[in-house]
Amino acid sequence: MQKIAVCVSGGGTNLQAIIDSIADGTVKNTEIAVVISNKASAFALERARMAGIPGICINPKEYADKEQFAAAMTGTLKEYDVSLVVFAGYLVVVPDGIIKEYRNRIINIHPSLIPAHCGMGYYGLKVHESVLAAGNKVTGATVHFVDEEADHGPIILQKAVNVYEGDTPEVLQKRVMEQAEWKILPEAINLIGEGRVYIEDNIVHIRQDSDSVLPLSSRGGLKQ
Ligand code: GRF
């Protein structure tokens, strides 16, 4: 059973998708041990409470420096025996110390097809405004491992979503959430929980099942 921490800052619809996917059996072998938010007012904490999941506010602004904030975060992750950290709309610049300690054990959902429309300053509606301003006909969402750069670590899953004539940023955001984010984030958690995700040369590969090893690069035939 993998124990995950879900880190949130806002409404928590991605958290809710994880809660619902565990409840309906789509995500196996996984328990949300704790939900952590930097904002006490985040509705995501209310979603955790309604689901009977411990919710904790760890606000970086309440710590003297980033080292003390990092210690509070890692202390909580250890207290709850967390093996996978999930950033689901978590708008905090995470200290490098946490990323090093949880190398390739922190994943993030970003509402575009990385490396497009991502990086510092690309969050929430700004992402979709950028997609529309670029005239893209397709956008989507990405789940990736977190490294020291924003929206930059090895990509685990992506899902494309159409952009339609007349889309507003709000309409596009909702479509990307419904058709992509709320599907690939639980799917990535499930794959990791089944031990089917591994990284070679900074590229993520997904085993077809828990036994065989069929890296994506060898699709269509067993790797010699
Ligand atoms: C989502 O669009 C996610 O991709 C981005 O922030 C938003 C969070 O939404 N990182 P919610 O809090 O999960 O509803």
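1. Asp167 touches Leu132, Asn162, Leu172 and Arg175, leaving aside residues up to four places away in sequence; contact here means heavy atoms within 4.5 Å. Asp167 sits in the loop between β7 (155-162) and α6. Helices (H or I, at least four residues) and strands (E, at least two) are DSSP runs, numbered from the N terminus. With 12% relative accessibility, Asp167 counts as buried; buried means under 20% relative accessible area, exposed over 50%, and partly exposed in between (1.4 Å probe, protein chains only). Asp167 and Gln68 are 99 residues apart in sequence, and their C-alpha atoms are 43 Å apart in space.

2. This is a predicted model, in which local features need pLDDT of at least 70 and side-chain atom pairs count only at pLDDT 80 or more, while totals for chains, interfaces and linings use all residues. Residues are numbered from 1 along each chain as its sequence is written, and side-chain values use heavy atoms, with hydrogens and water left out.

3. On confidence: pLDDT is the predictor's confidence in each residue, from 0 to 100. The protein chain has a mean pLDDT of 93, and 93% of its residues reach 70 or more. Over residues 212-224, however, pLDDT stays under 50. For that stretch the model has 17 contacts beyond four places in sequence. Where pLDDT is low, the predicted coordinates should not be read in detail.

4. Which residues of α5 and α6 meet? From α5 (125-133) they are Leu125, His128, Glu129, Val131 and Leu132, and from α6 they are Pro169, Glu170, Leu172, Gln173 and Val176. By class, this contact has 6 nonpolar, 2 polar and 2 charged residues. Ala, Val, Leu, Ile, Met, Phe, Trp, Tyr, Cys and Pro count as nonpolar, Asp, Glu, Lys and Arg as charged, and the others, Gly among them, as polar. The axes of α5 and α6 come within 9 Å and cross at roughly 110 degrees. Axes are lines fitted to C-alpha atoms, for helices over the stretch in contact, with angles running from 0 to 180 degrees between N-to-C directions. The two helices are therefore roughly perpendicular to each other, as angles under 35 degrees count as roughly parallel, over 145 as roughly antiparallel, 65 to 115 as roughly perpendicular and the rest as oblique.

5. Helix α6 (residues 169-193) also meets helix α1 (residues 13-23); their axes come within 9 Å and cross at roughly 55 degrees. That makes α1 oblique to α6. The crossing of α1 and α6 is right-handed: a crossing is left-handed if the near helix is turned anticlockwise from the far one by less than a right angle, and right-handed if clockwise. The α1 residues in this contact are Thr13, Asn14, Ala17, Ile18 and Ser21, and those of α6 are Met177, Glu181, Trp182, Leu185, Pro186 and Ile189. The residues of this contact divide into 7 nonpolar, 3 polar and 1 charged.

6. Ser21 is found in helix α1. Its relative accessibility is 10%, so Ser21 counts as buried. Apart from residues up to four places away in sequence, Ser21 touches Thr26, Val27 and Pro186.

7. The loop between α1 and β2 (30-37) holds Asn29, and Asp24 lies in the loop between α1 and β2 as well. Asn29 is not a glycine but has a positive phi of about 55 degrees. At 37% relative accessibility, Asn29 counts as partly exposed, whereas Asp24, at 54%, counts as exposed. Asp24 and Tyr90 are 66 residues apart in sequence and 25 Å apart in space, C-alpha to C-alpha.

8. A cis peptide bond, with omega of about 15 degrees, joins Ile114 and Pro115. His117 has a positive phi of about 50 degrees although it is not a glycine. At 15% relative accessibility, His117 counts as buried. Most residues other than glycine have a negative phi, and most peptide bonds are trans.

9. Is Leu77 buried or exposed? At 1% relative accessibility, Leu77 counts as buried. Leu77 belongs to helix α3 (residues 66-79). Not counting residues up to four places away in sequence, Leu77 touches Ala5, Ile36, Val82, Val85 and Tyr102. The C-alpha atoms of Leu77 and Val143 are separated by 21 Å, and the two residues are 66 residues apart along the chain.
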